[in-house]
Amino acid sequence: MNKHFLSGMKASIPACLGVSVVGISIGLLAMQAGLSRFETMLMSAMVMAGSSQLMAIGMITQGTSLYAIILGTFFINLRHVVMSSSVMQRLKEATLLQRLVGAFALCDESFAIYSLSNDHSYYFLLGSNTALYVSFVLSTFIGTLMTNLLPKIVIDSFGIAIYAAFLGLLLPSVRKSVQLITLVVITALINWFLQYFIPKSWSVILAMILGAFIGVFLVDDETISTEPKEETESSGGVGSI
Amino acid sequence: MNYPIILMILGMAIVTYIPRALPAVVIHRLKFSPKVEKFLRLIPYTAMTALVFPGVITVDASRPEIGIIGGTVAGILAWLKCPVIVCVVAAIATDMLLYAAL
């Protein structure tokens with residue numbers, strides 16, 4: 001352990017709280033969707049990308065095919081290639097193995113923390129990744145335990161939970177931009193329209209791609225820039241994890 | 001053990017790791033045009049949107065108000081920047097009340 005690793009961990013503490021909130025929701029909702037505790041934990045430990053995991057859970061409850069879920073995951077997490085290439089530019093001194101390890105838990109939070117820090121060492125990134133990863137997996141575990149505590153009347157009302165989780169991720173990050181709100185409305189309409197012609201799970205994937213494509217022309221660069229903002233929000237958002 | 005779920009998780013892990021790992025291998029060559037970058041960053045927003053609308057209305061196919069009112073409560077709290085778990089708990093509580101009332 002060196003001091004870069006520790007300062008990376010320390011810098012990540014506020015973001016760990018935000019990540020844990022998402023982790024708890026995932027643990028709870030995945031168990032409710034019928035995954036076992038082992039499967040739920042395995043998903044968080046291997047994928048470590050909250051939005052896509054929530055998407056997968058939502059699609060499982062809708063009875064979506066495996067392929068659609070994996071394809072959707074691919075698209076939703078494709079943005080990490082941009083963050084990773086920005087981080088890796090600064091890690092040319094690191095060995096290939098180190099870079100591959102650093103890439104594993106690289107997420108929106110660790111990208112923002114690393115980019116805003118003055119310390120661009122490999123071990124700082126690893127410390128940040130480790131803190132976020134451990135928080136995420138642990139909080140998923142806590143979420144899986146919470147399902148045992150729920151009485152049946154709560155479980156009967158659980159259908160709304162996954163939608164509430166999506167709204168909880170989406171709305172805080174679009175509320176300040178009329179352009180993003182417009183894009184949300186357009187995407188919703190596209191999806192609504194497509195569902196009359198193709199199966200639901202595929203209309204979701206097609207609508208997200210078409211919506212993002214329209215957004216390229218609709219939304220200003222500054223609104224959705226890759227540059228991390230100074231305010232590190234701990235409450236999450238779509239850009240979160 | 002549920003093999004389709006395990007397969008799904010493995011598939012998700014692979015397709016998530018590839019975009020993260022690719023720049024680690026080919027450090028020098030990856031340049032994205034601003035448009036491509038924007039497209040990639042917008043996908044989570046449009047994905048969350050497509051997952052909510054219009055599916056939320058059919059949470060309980062026989063009672064659309066369950067989804068609409070529960071979703072509205074979650075939406076308002078989310079708009080006020082409440083944490084995800086708060087939105088989830090409040091939406092469940094709302095629907096519990098709706099089911100209990102009728």
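# A walk through chain B and its neighbour

B:Pro54 sits in the loop that links α2 (34-52) to α3 (64-79) in chain B; helices here are DSSP runs of H or I with at least four residues, strands are runs of E with at least two, and both are numbered from the N terminus. The peptide bond between B:Phe53 and B:Pro54 is cis, with omega at about 0°.

The model is predicted, so local features need pLDDT of at least 70 and side-chain atom pairs count only at pLDDT 80 or more, while totals for chains, interfaces and linings use all residues. Residues are numbered from 1 along each chain as its sequence is written, chains are lettered from A and ligands numbered from 1 in the order in which they are written, and side-chain values use heavy atoms, with hydrogens and water left out.

Chain B as a whole comes next. Its secondary structure consists of four helices and zero strands, and the order from the N terminus is α-α-α-α. The radius of gyration of chain B is 20 Å, whereas a compact globule of 102 residues would have one near 13 Å. That radius is taken over C-alpha atoms, and the globule rule is 2.2 Å times the number of residues to the power 0.38. Along the principal axes, the C-alpha atoms of chain B fill a box of roughly 60 × 40 × 25 Å.

Of the 102 residues in chain B, 52% are buried. Buried means under 20% relative accessible area, exposed means over 50%, and partly exposed lies in between (1.4 Å probe, protein chains only). Chain B exposes about 4700 Å², of which carbon and sulfur atoms supply 75%; these areas come from the Shrake-Rupley method with a 1.4 Å probe, and for residues only the protein chains shown count as cover.

Chain B carries 8 positive and 4 negative side chains, and the centres of the two sets are 23 Å apart. Lys and Arg count as positive and Asp and Glu as negative, while His and the chain ends are not counted. Each charge is placed at NZ of Lys, CZ of Arg, CG of Asp or CD of Glu.

Among contacts in chain B with a separation of 6 or more, 40% join residues 24 or more positions apart. A contact means heavy atoms within 4.5 Å. One residue to look at is B:Thr94, which lies in helix α4 of chain B. Leaving aside neighbours within four places in sequence, B:Thr94 is in contact with B:Ile69, B:Gly70 and B:Val73. B:Thr94 is buried, at 16% relative accessible area.

B:Lys81 has a phi of about 70° and is found in the loop between α3 and α4 (84-101) of chain B. It counts as partly exposed, at 25% relative accessibility. A:Met48 has a phi of about 50° and is found in the loop between α3 (37-47) and α4 (50-61) of chain A. A:Met48 is buried, at 0% relative accessibility.

How many disulfides are there over all chains? The count is zero, where a disulfide is a pair of cysteine sulfur atoms within 2.5 Å. B:Cys87 is in no disulfide, and its nearest cysteine sulfur, in B:Cys82, is 5.7 Å away. B:Cys87 is buried, with 0% relative accessible area. The sulfur of A:Cys107 is too far for a bond, because the closest cysteine sulfur, in A:Cys16, is 9.3 Å away.
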